[in-house]
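Colleague: I am new to this structure. Please walk me through how to read it.

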Amino acid sequence: MTAAAISAAPRRATPWLEHSALPGFRLAFGFTLAYVGAIIVLPLAALVARPWEHGLGGFAEAIFAPRTLAALRLSFLAAAAAAVVNVALGLLIAWVLTRYDFPFRRVVDALVDLPFALPTAVAGIALATLYGPNGWIGSILAPLGIKVAYTPTGVFVALLAVGLPFVVRSVQPVLQDLDSAYEEAAHTLGASRLTVFVRVIMPALAPALITGFALAFARGAGEYGSVIFIAGNMPGVSEIAPLVIVTKLEAYDYAGAASVGVAMLLVSLAVLIITNAAQVALSRRGRP
Amino acid sequence: MNLTAQPRRIDSPLSLLLVAAALIWLALIIGAPLATVFVEAASKGVSAFAESFKNPDTWAAIRLTLLVAAIAVPLNAAFGLAAAWSIAKFNFRGKSLLLTLIDLPLSMSPVISGLVWVLVFGARGWFGPMLEAGGVKIIFALPGILLGTILVTVPLVARELIPLMAEQGADEELAAVTLGAGGWTTLRRVTIPNVRWALLHGVLLCNARAMGEFGAVSVLSGHIRGLTNTLPLHVEALYNDYDFVGAFAAASLLAGLAIVTLIAKTLLERLGVSEHTRANEA
């Protein structure tokens, strides 16, 4: 259930607290507020307050420095490209897992979540080794003139693994609940397989695909552990935005680090708002 | 009746092609990195693998990782229960704002989750000079590592509990209270048994993330070997020393943890589903 559905208010304005015979609200709510205040609100306030130390100019200077700009571009472009590929392949995997029976289907299904459970540093060193010049995949690609490790392509490849489960897990429940009567009706009426897929199945899946894209993108843009080992981290070429934050912090440039952090959050927020708007537009389209 | 799609056997060239393509992609993108961890750890033989665990820093890192999870996970579980109790069982204004705040850490880079604490408690942060005067160390010490880990994992239990408890409503709790049960008894005897699998599921995910956290902790730990390096940071340190067997041996512990987590998660989801259907049939 989404946040909006849980908090869907009744028609009349909600009072500050609706009366209930259930005890414990003060204690539970008090603890919740104190925890959210101390763990989430306080540190975020420190982040939002910091970049303006040297005025708006200081913020702009930190963000528009060529090295920072290149890193932001790489993080967000690689995340977007990987999320697009993951929408296609995540859909394929969710489709195969829900529609076909094959040996070890449940094991494969569970394995899709591995990128959620595997620590990012472990994925990072494994990917760097795998795609390195002597690795299983790197040694196959090298004679073809394709370099993945220590290039921007490495960032993209690492994000392919990071984002995949988000798309699969967004699409899978929708595919599972899709009433096959519609598909059969379309078949009966003479629609080809392709037509059924494009006209019947895809519209039902579109909101879930957008959600999956947004989640994979947001996670990819901020990803650190699985990327830094394979990226090579050459400033201006294969350096990602989170690494710029780390570098600035090591130089005690708190305002600069906070500027990059705020910029990353703003871009992520913008993408979230756009995808939400797309969801709303899609859900309106089907209605009379 | 809703005709949900039943999986069918592979019966056409197209279906074979689709299944093969999906499996090859999963093997490449998920299977190969996982296999690499264990193959590299064993690449110089079992004795080299075992030898790498004689490093006292590895054990210090394992102890620190266990300690951090042992503190962060129960705190976030208690928070998840309190948040779900107030959000799912009561109606009050500002609920969606609170939900948005709780979800926020999920869309933040882990490095930002570390950075924010440096801005609060670091040498040039809000309370840095004050802490220094008092001789209290938060950043580059255990409290900083804890704060970073807690921030990254704060939504994981709450997100499992809130939708489920909202769906269940407050009827059973109200009945218990009407029959004279106190708040704590109601929580212990009615609410928690009703959400136990979801609670365990959340704790499991929270624990896996807490033990494996890298970005936030990397900013906050100071990388002092044998002292403030957690196991993922220790993996990085060994890898950067070109001690690949050591790095992958330590990484194999974390990969093992991930596999155990996935198995337990799958079992829990099946238990949760069967319980859900039983409740619906009853």
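**Reading the two chains**

Modeller: Start where the chains pair: strand E1 (residues 100-101) of chain A runs parallel to strand E1 (residues 8-9) of chain B, over two bridges. This is a predicted model, where local features need pLDDT of at least 70, side-chain atom pairs count only at pLDDT 80 or more, and totals for chains, interfaces and linings use all residues. Residues are numbered from 1 along each chain as its sequence is written, with chains lettered from A and ligands numbered from 1 in the order in which they are written.

Colleague: What makes two strands a pair?

Modeller: DSSP must find at least two bridges between them. Strands (E, at least two residues) and helices (H or I, at least four) are DSSP runs, numbered from the N terminus. In this pair, A:Tyr100 stands opposite B:Arg8.

Colleague: How many helices and strands does each chain have?

Modeller: Chain A has 14 helices and one strand. Chain B also comes to 14 helices and one strand. The C-alpha atoms of chain A fill a box of roughly 70 × 65 × 35 Å along the principal axes. For chain B the box is roughly 70 × 60 × 30 Å.

Colleague: How many residues of chain B are in contact with chain A?

Modeller: Two residues are in contact if their C-beta atoms, placed from the backbone, lie within 7 Å. Here, 89 residues of chain B are in contact with 86 residues of chain A. Helix H1 (residues 13-41) of chain B gives the largest share of chain B's side, 16 residues. That side divides into 61 nonpolar, 17 polar and 11 charged residues. Ala, Val, Leu, Ile, Met, Phe, Trp, Tyr, Cys and Pro count as nonpolar, Asp, Glu, Lys and Arg as charged, and the others, Gly among them, as polar.

Colleague: Which residues have the most contacts inside the largest nonpolar core?

Modeller: First, the general idea. A residue is buried if 20 or more other C-beta atoms lie within 10 Å of its own, exposed if 12 or fewer, and partly exposed in between. A nonpolar core joins buried Ala, Val, Leu, Ile, Met, Phe, Trp, Tyr and Cys residues through C-beta atoms within 7 Å. The largest one has 167 residues, and A:Val122, B:Leu115 and B:Leu161 have the most contacts inside it. Leaving aside neighbours within four places in sequence, B:Leu161 touches residues including B:Gly80, B:Val195 and B:Gly202. Buried residues make up 43% of the 288 in chain A and 46% of the 282 in chain B.

Colleague: At what angle do helices H4 and H11 of chain A pack?

Modeller: Axes are lines fitted to C-alpha atoms over the stretch in contact, and angles run from 0 to 180 degrees between N-to-C directions. Helix H4 (residues 66-99) and helix H11 (residues 193-222) of chain A pack at about 145°, with axes 8 Å apart. Their contact has 13 nonpolar, five polar and no charged residues.

Colleague: Is A:Phe104 buried or exposed?

Modeller: A:Phe104 counts as exposed because 10 other C-beta atoms lie within 10 Å. A:Phe104 sits in the loop between E1 and helix H5 (105-111) of chain A. Its phi is positive, about 65°, although it is not a glycine.

Colleague: Where is B:Tyr242 found?

Modeller: B:Tyr242 lies in the loop between helix H13 (231-240) and helix H14 (244-281) of chain B. B:Tyr242 has a positive phi of about 65° and is not a glycine. B:Tyr242 is exposed, with 8 other C-beta atoms within 10 Å.
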